[in-house]
Amino acid sequence: MDLRRRLPPRPPSTTFLNQQKAVTDGEDRSPSSTKAGVIDRSPSPVPKASDALPLPLYLTNGIFFTLFFSVAYYLLHRWRDKIRSSTPLHVVTLSELAAIVSLIASFIYLLGFFGIDFVQSFITTARGEEDSFVLEGEVEHHSEPKPRIMDPLPSLALASEEDEEIVKSVVCGSVSSYSLESQLGDCLRAASIRRQALERTTGRSLLGLPLEGLDYDSILGQCCEMPVGYVQIPVGIAGPLLLNGCEYMVPMATTEGCLVASTNRGCKAIFASGGATAILLKDGMTRAPVVRFATAERASQLKFFLEDAINFDTLSVVFNKSSRFGRLQNIQCSIAGKNLYIRFTCSTGDAMGMNMVSKGVQNVLDFLQNDFPDMDVIGISGNFCSDKKPAAVNWIEGRGKSVVCEAVISEEIVKKVLKTTVHGLVELNMLKNLTGSAIAGSLGGFNAHAANIVSAVFIATGQDPAQNIESSHCITMMEAVNNGKDLHISVTMPSIEVGTVGGGTQLASQSACLNLLGVKGASIGSPGSNARLLASVVAGSVLAGELSLMSAIAAGQLVKSHMKYNRSNRDMAAIASTV
């Protein structure tokens with residue numbers, strides 16, 4: 001029997017709450033009426049058109065089918081005899097009259113039988129639509145239709161009546177959703193209550209968004225505020241990546257088919273050709289506050305003071321007080337009228353380091369107020385850093401870890417594994433990654449798809465996904481070597497911003513992926529070495545991804561491979577109909 005669709009929970013009005021309280025406090029507390037103070041809203045069955053029949057449907061069908069064909073045969077037989085005996089056809093006996101009536105009756109039934117499902121589908125749809133829409137007052141026919149609520153709208157069972165009351169308080173606004181963790185002292189319970197309140201407020205189900213299975217205590221005050229669940233992203237493994245003589249299995253979190261498979265093919269080609277080499281060129285995180293003076297002359301005086309090597313040691317002592325690992329490396333200034341932008345660069349150990357460098361910058365700004373009391377600090381970040389934005393300063397000066405990675409792929413591997421030629425790859429790289437990107441006015445985008453690999457590794461290892469913007473700055477170079485037989489490929493990435501401590505790296509899943517690479521946590525013996533190794537692995541993975549994708553394009557296999565690995569064969573219409 002079909003089940004009737006249910007209305008989604010709505011924010012409880014004062015009248016509704018009073019009614020619930022009356023029911024809860026009343027004498028009728030039978031299981032069928034109430035449970036834990038909540039009115040029972042068990043689904044009621046929708047009547048079917050076939051329920052009107054006195055007998056089961058299969059018996060009724062059998063009777064009328066038999067009747068129809070029996071009387072049809074009888075009448076045809078009688079009419080044949082009348083034609084042979086020249087008896088008028090309109091002269092009928094009582095038995096023939098009964099047969100005609102039975103024929104008509106059975107025909108009408110059978111005609112209606114084949115329409116029962118058709119009519120019943122309209123009845124069910126009409127009832128479902130009536131119950132699946134939230135109507136406020138009367139809606140005129142010309143008004144904009146309201147969106148269909150997800151059917152059904154299940155919700156997690158609350159642990160107690162106390163939780164139910166808290167949900168109602170959040171819905172009506174008397175309790176702030178963001179304060180649940182601090183008030184309850186239980187992060188999972190707070191997330192569950194917040195989730196219930198959200199479903200009731202919006203009338204939308206969060207079915208499919210997991211709640212259980214995440215350590216909510218680990219994200220409190222660190223990764224996410226007001227959580228209601230977590231998103232699942234599959235993690236694939238590419239490798240082994242042979243880099244600087246060591247093998248790495250690279251975790252990649254992505255929902256794009258072909259990406260892991262393609263990167264894995266690149267790793268295979270690199271491995272078969274003797275591996276890749278990664279060199280760290282620079283390691284320093286930046287922060288650039290903007291300050292303002294009354295005149296451009298005063299702004300220039302501070303600029304000269306900061307860039308004077310004599311003052312650097314004093315400023316370093318002030319800056320380095322903020323952390324055991326933060327060490328000031330250099331200061332770069334840029335002036336715009338009476339505004340001065342000061343770009344501090346410092347080492348940050350195994351942390352990505354944004355908070356670390358910000359604390360050091362604040363120390364220096366406080367110190368400068370003594371000699372420059374007329375300095376007005378407009379903002380701790382003036383976008384000369386530049387964080388989470390494509391910027392030429394990062395492309396030229398670098399930010400985070402600057403890495404170059406190279407490999408020589410033999411002609412045999414290019415043909416057997418990559419299914420293309422050295423000449424074809426070199427020509428495609430010049431016309432696509434270099435010339436094409438220049439025509440597009442690209443900033444740091446002289447590559448095929450570095451952002452794909454960077455994002456996947458970042459998400460898997462707990463990095464800040466938004467920093468994929470500058471971390472994906474990359475120029476891919478290809479050149480024929482050894483008399484044109486082999487391929488030299490390199491990627492130069494000046495601003496890979498990664499860390500192995502802090503932020504999302506401390507979550508269980510991301511920590512496991514870092515452990516797979518051998519860079520979990522801080523390096524005790526050599527602070528900063530884990531983060532630098534992670535940056536090198538990112539660059540090596542980008543090298544593998546660039547090599548494979550460019551080969552697929554050169555061989556004309558891109559569309560074919562995506563149709564094979566990046567297209568779902570599941571019947572989504574059938575899946576949707578079962579929900």
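Figure 1. Ser386 is buried, with a relative accessible area of 2%. Buried here means under 20% relative accessible area, exposed means over 50%, and partly exposed lies in between (1.4 Å probe, protein chains only). This is a predicted model, where local features need pLDDT of at least 70 and side-chain atom pairs count only at pLDDT 80 or more, while totals for chains, interfaces and linings use all residues. Residues are numbered from 1 along each chain as its sequence is written, and side-chain values use heavy atoms, with hydrogens and water left out. You'll find Ser386 in the loop between strand E9 (376–379) and helix H11 (392–397). Helices (H or I, at least four residues) and strands (E, at least two) are DSSP runs, numbered from the N terminus.

**Figure 2. Who does Ser386 touch?** Leaving aside residues up to four places away in sequence, Ser386 touches Thr286, Arg343, Ala391, Val393, Asn394, Arg399 and Glu470. A contact just means heavy atoms within 4.5 Å. Look also for the backbone oxygen of Asn383, which the side chain of Ser386 reaches at 3.4 Å.

**Figure 3. Strand E8 and its partners.** Two strands pair if DSSP finds at least two bridges between them. Strand E5 (residues 277–287) runs antiparallel to strand E8 (residues 339–347), and 3 bridges join them. On this side, Met285 has Cys346 in E8 as its bridge partner. Strand E6 (residues 290–292) also pairs with E8 in the antiparallel sense, over 3 bridges, and here Val290 stands opposite Tyr341.

**Figure 4. The E7–E8 hairpin.** Strand E7 (residues 327–336) pairs with E8 in the antiparallel sense over 9 bridges. Spot Ile331, which stands opposite Phe344 in E8. Between E7 and E8 there are 2 residues, making a hairpin, and Gly337 in the turn has a positive phi of about 65°.

Figure 5. Is Cys187 buried or exposed? Cys187 is buried, at a relative accessible area of 5%. Cys246, on the other hand, counts as partly exposed at 37% relative accessibility. A disulfide is a covalent bond between the sulfur atoms of two cysteines. How many disulfides does a search of the whole structure find? The search turns up 0, taking a disulfide as a pair of cysteine sulfur atoms within 2.5 Å.

Notes: Polar contact = N/O pair within 3.5 Å; in protein donor to acceptor, adjacent residues only side chain to side chain.
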